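Good morning, and thank you for coming.

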Amino acid sequence: MADAARQVVLITGANKGIGLETARQLHAHYRAGEGVTLLIGARDAQRGEAAAKELRDGGADAIFVRLDVEDQASIAQAAEQVQRRFGRLDTLINNAGWLDYAREGVASTADIAAMRKTFDINFFGLVATTQAMLPLLKRNSEMGRVSRVVNLTSILGSIAEHADVNSSIYQAKFLGYDCSKAAVNMFTNHLAHELRSLGIKVNAAHPGWVKTDMGGPNATLELAEGAKTSVQLATLGADGPTGGYYHMGVHMRW
Ligand SMILES: NC(=O)c1ccc[n+]([C@@H]2O[C@H](COP(=O)([O-])OP(=O)(O)OC[C@H]3O[C@@H](n4cnc5c(N)ncnc54)[C@H](OP(=O)(O)O)[C@@H]3O)[C@@H](O)[C@H]2O)c1
């Protein structure tokens with residue numbers, strides 16, 4: 001079982017990009033305090049082990065956990081592993097994501113199979129992972145600790161932004177991805193509503209347009225900036241908000 005004071009944080013899709021950078025920043029955040037055990041969720045064992053080792057080489061307490069959000073059995077095994085080893089979870093960061101630029105396209109021609117895959121990863125996988133980890137988050141709350149769920153969404157999931165001709169994303173339409181992130185926003189709202197009385201913080205994070213494999217080289221934010229919103233929401237205290245949709249501390253339009 002984990003050291004009673006130590007934070008235990010699970011990040012999905014943590015082998016690269018914003019997920020891995022979030023792990024690095026959480027290690028730095030907690031280093032001087034109670035400390036954090038970083039559970040590095042990844043669908044590929046080699047990539048996940050490599051990321052966990054890179055973090056350990058940097059002084060972090062990081063453990064690879066195989067977790068493919070498209071595979072219910074791997075989600076259940078990951079939850080069992082966390083239960084056996086720690087018995088609780090302070091924070092779940094649902095970071096794993098997918099965008100098929102070539103096939104999702106515009107509304108009139110978007111490929112249905114491509115959109116289903118995007119929904120499987122971005123929405124159903126996120127919901128299934130959260131449901132499997134909830135007993136561990138609830139146990140953590142029962143121990144008087146603050147539990148948090150951080151759902152990686154996007155400004156592209158905002159209908160208000162898509163409807164505003166002056167919005168920076170007005171021309172950026174990826175039907176499957178945008179709808180999947182709008183669904184993540186709705187899940188965030190519903191779960192926060194359900195868990196409010198338990199004090200579990202459930203929020204959605206828009207990281208910004210970030211230079212990753214998904215964001216591409218023309219993105220406006222470096223990785224270090226792109227992980228900040230996830231880190232802010234993953235370190236909320238008991239007085240922190242729930243049921244919100246944030247970018248760098250600012251509430252977004254739904
Ligand atoms: N970059 C941006 O500009 C931007 C903007 C808004 C929102 N976001 C969101 O931020 C999150 C992180 O994105 P990123 O830019 O860091 O993307 P990324 O570099 O492409 O990383 C995506 C991560 O998700 C993992 N993943 C994909 N399918 C998975 C599955 N079935 N099971 C488990 N993990 C899976 C990938 O694993 P593999 O390495 O195995 O493929 C990878 O670790 C995503 O939710 C994304 O939608 C990003």
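How many nonpolar, polar and charged residues does the lining of the second largest cavity have, by class? The lining has four nonpolar residues, three polar residues and no charged ones. Before I continue, please note that this is a predicted model.

When a probe the size of a water molecule is rolled over the atoms, it shows where empty space is left. In this structure there are two cavities of 30 Å³ or more.

I shall stay for a moment with the second largest cavity, which holds about 30 Å³ of space. You can find its lining by selecting Thr12, Val69, Asn94, Asn95, Ala96, Ile121 and Leu126.

Now to the largest cavity. Its volume is about 40 Å³. The residues that line this cavity are Leu39, Ile63, Val65, Gln81, Val82, Arg85 and Phe86. Which of the elements provides the largest share? The answer is α3, with three residues. By class, the lining of the largest cavity has five nonpolar residues, one polar residue and one charged residue.

I turn next to the largest pocket. About 1100 Å³ of space lies in it. The pocket is lined by 42 residues, and the closest to its centre are Gly97, Trp98, Thr212, Met214 and Gly215. Both α1 and α7 supply at least two residues of this lining, and the largest share, three residues, comes from α1. Divided by class, the lining of the largest pocket has 20 nonpolar, 14 polar and eight charged residues.

Where does the ligand sit? The ligand is placed in the largest pocket. Around the ligand there are 29 residues, of which Asn15, Arg43, Tyr177, Val210 and Thr212 are the closest.

Let us look at individual contacts with oxygen atoms of the ligand. A polar side-chain atom of tyrosine 177 lies 2.6 Å from an oxygen atom of the ligand. For isoleucine 18, a backbone N or O atom lies 2.8 Å from a ligand oxygen atom. For glycine 97, a backbone N or O atom is 3.3 Å from an oxygen atom of the ligand. How much of the ligand does the protein bury? Taken alone, the ligand exposes 900 Å², and the protein buries 95% of that.

To close, I would ask you to keep two views in mind. One is of the two cavities of 30 Å³ or more; the other is of the largest pocket, where the ligand sits. Thank you for your attention.

How values were computed
Residues numbered from 1 in each chain as written. Predicted model: local features only at pLDDT ≥ 70, side-chain atom pairs only at ≥ 80, totals over all residues. Heavy atoms only, no water. 1 Å grid on protein atoms, 1.4 Å probe; cavity = no way out; pocket = protein on both sides within 12 Å on 5 of 7 lines; lining within 4 Å. Points joined across faces, edges and corners; volume = space filled by probe spheres on them. Helix = DSSP H or I, 4+ residues; strand = E, 2+ residues; numbered from the N terminus. Nonpolar A, V, L, I, M, F, W, Y, C, P; charged D, E, K, R; others polar. Near = heavy atom within 4 Å. Polar contact = N/O pair within 3.5 Å; in protein donor to acceptor, adjacent residues only side chain to side chain. Areas by Shrake-Rupley, 256 points an atom, 1.4 Å probe, with all protein chains shown as cover. Sits in = over half its atoms within 2 Å of the grid points.
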